[in-house]
Amino acid sequence: MWAVAWRVVGIVTTFAANILAARLLGPAEFGSYLLVVTIVVLGALVGMAGLNEAGLRFIASSLAHNDRKLAQAYLRRTFATVALVASLAAIATAAGVLLFNLNTAWFHQPVLLATLAAAGVFVLAWQQIAAESLRGYGRLQSASLFSGGQTGGPVSNLLLLAGLSAVALTATRLDATVALALTVGSVAVTVPWSLRKAWQASRTGDSPDASPVESLAPAHRQELLAVGGVLLLNQVLAFGSQQLDIWLGGAFLEPDALGLYGAAKRSLLLAAMPIQMAMMVVMASVPRLHAQGRTQELERTVRRAANYAAVPALAAIALLALFPETMLHLAFGGSYAGAASTVLVLTLGYLVLVISGNPPYVLTMTGRHRTVAMVNLAAAVVLLVVGSLGAHWYGAPGLAAGSAASCALQNGLLWWFARRHVGVFTHVSLPRRTATAKTSPSRITLDPDLNSATAPEA
């Protein structure tokens, strides 16, 4: 319940911060801000080297077999690797921002913006590594404070919202550079806190005279880096299938048109966030249940989470599909109402995402990361081709068509592979009334697949 509550806080503050930023910046500056933020997110993904998920998996699996020393060794190796890779990714990100501005002249203060982007990559990578390590140790309460969003967790979002509110109250001029500085600062404040929590979690249970942690064996190091490399490829491809549209918008649209598209996509956070929230709650259970061979319990856990998440997600999609102009006007202001047609197209892809549950995490946490990589590659290619052609011919709605097609293909294929390779369904199941014995009162039960061996509990 703590994790769910903080994810609700994360959803509300993320949406509120985007609304306030869009209103304060205007479509053109908001488009520039979104573009740089996606560059920072990609840099942080590279900086983590896939170890945010690989470390979580190996730490949780080690603890499932009561090998605490091995879990500590995995944590130390994860931190050492990220220290190097995140630094290199930050330098590359700064160079990328400067190169982009050299060709487009979008930014007013390119050097300062590039410096902030590099800092954002470094602090975001460390924050997310610490948060996912906490999740691997089963510390959902602490992990839920720092993770769950592309630019940090609920605490960072609260700090960003507070900073934007201060700008609004003081009538300070806000541009993309200032907005990025607030975003990076909100993440940086949480990094020492999250790292301290992760290290404390790894030391819990040790006696004062416990022997030092042994170094990770060469075979384990190779496995960690190999799995992390494949997961990094997965994450980059997933980023491409989910965020490449912002980059395509930067290539084919004007800044104000990209701002309208960004507002439309941000409005669908209301549908996407409950799905992510549900999976964050059960993610650490997936490798544990799979390692113990408890497939039926794994499916019940995943689908129950999908059912709970579907209620608010489908309600949000319905509101956006029925009243797009009204929702955009209320949220972002009258200057963004022109994105209504873009919202309608995007809802089609998000509908498939909600109904399929969250198969990518199930496949990734059970070792089927190569399958996820191939599906993400196919989705990224669809987005690149359809999105480019759509943006060139029809502007923002055409770009949205490519994004929706990519999202639907990605989640449909991953749902099928989760059943084929892991043996579980992940999709939402509608409740229905079933017959019971005369001695028992009538009741509502879920899909029979979820009720096997635990009908009274269901």
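Guide: At the interface, 45 residues of domain 1 are in contact with 51 residues of domain 2, contact meaning heavy atoms within 4.5 Å. The model is a predicted one, in which local features need pLDDT of at least 70 and side-chain atom pairs count only at pLDDT 80 or more, while totals for chains, interfaces and linings use all residues. Residues are numbered from 1 along each chain as its sequence is written, and side-chain values use heavy atoms, with hydrogens and water left out.

Domain 1 comprises 1-203 + 222-250 and domain 2 comprises 253-429, with bounds from an automatic or database domain assignment. Their centres, taken over C-alpha atoms, lie 19 Å apart. Between them about 4300 Å² is buried, 70% of it from carbon and sulfur atoms; buried area is the accessible area (1.4 Å probe) that two parts lose on being put together, summed over both. Of the area that domain 1 buries against domain 2, Phe15, Asp245 and Leu248 supply 13%, more than any other three residues.

Asp245 also forms a salt bridge with Lys265 through their side chains, at 2.7 Å, N to O. The count of salt bridges between the domains is one, the term denoting a side-chain nitrogen of Lys or Arg within 4 Å of a carboxyl oxygen of Asp or Glu.

On the side of domain 1 that touches domain 2, α1 (2-48), α2 (51-64), α4 (110-136) and α9 (218-252) each supply at least two residues; helices here are DSSP runs (H or I, at least four residues), numbered from the N terminus. By class, this side has 25 nonpolar, 13 polar and seven charged residues, where Ala, Val, Leu, Ile, Met, Phe, Trp, Tyr, Cys and Pro count as nonpolar, Asp, Glu, Lys and Arg as charged, and the others, Gly among them, as polar.
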